[in-house]
Amino acid sequence: MISDDHDYFGTDEQKSALRRGRAMYEVVRNDPRFAYYGRGVGIASPDLGSLTELKALARLQGATNYSNVPNSAVESLSADAQALGLNVICRARWEGAAGAIETAQAVLANTKMPPDLSLIWINEDTAPDTQQAFGEAAVSCGVLPPSMATLTGRLKPGLAAAAQDSAGRVVSCAAAASIYHPEHADGRRECWWGMLATRSERRGEHLSLMLGAAVLLEMHKRHGFSAFFTGVEPGNKASEDVCRHIGFTLSDTCTLSVIDPTLIPAGRLTK
């Protein structure tokens with residue numbers, strides 16, 4: 001039997017949740033109602049799936065979400081989910097389109113990688129040790145990488161970039177992946193973008209901004225995506241600042257995540 005250990009990072013609890021998400025994706029991958037970028041399968045928006053279905057996904061996977069919830073509906077949906085015994089996390093949805101592409105181009109034109117670092121792309125041909133270093137860098141910053149099958153493009157369109165020093169140590173990373181089914185209204189237009197993480201000793205060098213810009217432009221060039229989004233918990237100033245600097249704006253929607261505390265006692269899957 002072929003092991004898939006190299007596809008997942010984090011604690012045993014997190015790895016188990018990622019495996020359950022991947023298994024669920026294989027069941028629903030042909031249904032445009034569902035969304036997946038390498039963590040758990042969610043429902044693209046509340047109009048495409050009931051709270052009962054969302055609860056079932058949480059019970060089976062440990063974590064799930066509505067990808068796009070109007071802010072006006074958050075309070076009632078959150079209360080209903082909590083009444084079902086689920087933990088709720090609301091992440092503000094930051095979005096970027098043509099303006100973000102132009103800003104990303106300017107970022108890369110005007111910001112240089114420190115001379116001791118190189119930008120590398122993580123793909124199927126990347127050495128296992130380097131893939132491991134990439135995942136460990138993210139985890140060390142509290143960020144859980146989606147399945148590497150997604151980030152390397154093996155499962156669906158996805159990209160991952162890293163800043164690596166001469167000793168092979170990854171000090172910063174970023175990623176993006178398609179989230180919707182191609183037949184969804186935004187399936188070929190919009191993708192998830194994020195996983196920005198930089199080790200504490202290298203912060204302040206604009207590495208997340210540069211890698212985020214590189215990933216955004218490559219997703220546009222290679223896979224044709226013209227719109228991008230990420231979820232940020234309100235008050236996370238560092239993430240909000242990077243979003244602003246790359247041309248994203250705060251939308252009037254959020255990603256509403258729900259957690260089954262019996263499968264994920266920590267109450268969350270990632271930052």
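This is a conversation about the predicted model of a protein shown above.

Reader: How many helices and strands does the protein have?
Author: The predicted model contains eight helices and ten strands. Its radius of gyration is 18 Å, close to the 18 Å given by the globule rule for 271 residues, so the protein is as compact as a globular protein of that length.

Reader: What box do the C-alpha atoms fill?
Author: Along the principal axes, the box is roughly 55 × 45 × 35 Å.

Reader: And what share of the residues is buried?
Author: Of the 271 residues, 54% are buried. The accessible surface comes to about 11,900 Å², and carbon and sulfur atoms hold 52% of that surface.

Reader: Let us turn to the core. Which residues have the most contacts inside the largest nonpolar core?
Author: They are Trp193, Val215, Leu216, Met219, Phe228, Ile246 and Phe248, in a core of 31 residues. Several elements each supply at least two residues of this core, including helix H4 (98-110), strand S8 (190-198) and helix H7 (207-223).

Reader: Which element gives the most to this core?
Author: That is H7, with nine residues.

Reader: What is isoleucine 246 in contact with, leaving aside its neighbours within four places in sequence?
Author: Isoleucine 246 is in contact with Ala100, Thr103, Ala104, Trp193, Leu209, Gly212, Ala213 and Leu216. There is also a second, separate core of 26 residues, and Cys141, Ala175, Met195 and Ala197 are among its members.

Reader: Now for H1. Which of its residues are buried?
Author: Gln14, Ala17, Leu18, Gly21, Met24, Tyr25 and Val28 are buried in H1. They cover an arc of only 125° around the axis, which puts them on the same side of the helix. Asp12 and Val27, on the other side, are exposed.

Reader: What do the buried residues of H1 pack against?
Author: They pack against strand S1 (34-35) and helix H2 (51-61).

Reader: How far apart are the end C-alpha atoms of H1?
Author: They are 25 Å apart. At 1.5 Å a residue, the 17 residues of H1 (residues 12-28) should span 24 Å, which agrees.

Reader: Which residues is aspartate 260 in contact with?
Author: Leaving aside neighbours within four places in sequence, aspartate 260 is in contact with Ala58, Arg59, Gly62 and Leu86.

How values were computed:
Residues numbered from 1 in each chain as written. Predicted model: local features only at pLDDT ≥ 70, side-chain atom pairs only at ≥ 80, totals over all residues. Heavy atoms only, no water. Helix = DSSP H or I, 4+ residues; strand = E, 2+ residues; numbered from the N terminus. Expected span 1.5 Å × (residues − 1). Buried < 20%, exposed > 50% of the residue type's maximum accessible area, 1.4 Å probe, protein only. Arc of directions from axis to C-beta. Contact = heavy atoms within 4.5 Å. Rg over C-alpha atoms; globule rule 2.2 N^0.38 Å. Areas by Shrake-Rupley, 256 points an atom, 1.4 Å probe, with all protein chains shown as cover. Core = buried A, V, L, I, M, F, W, Y, C linked by side-chain atoms within 4.5 Å.
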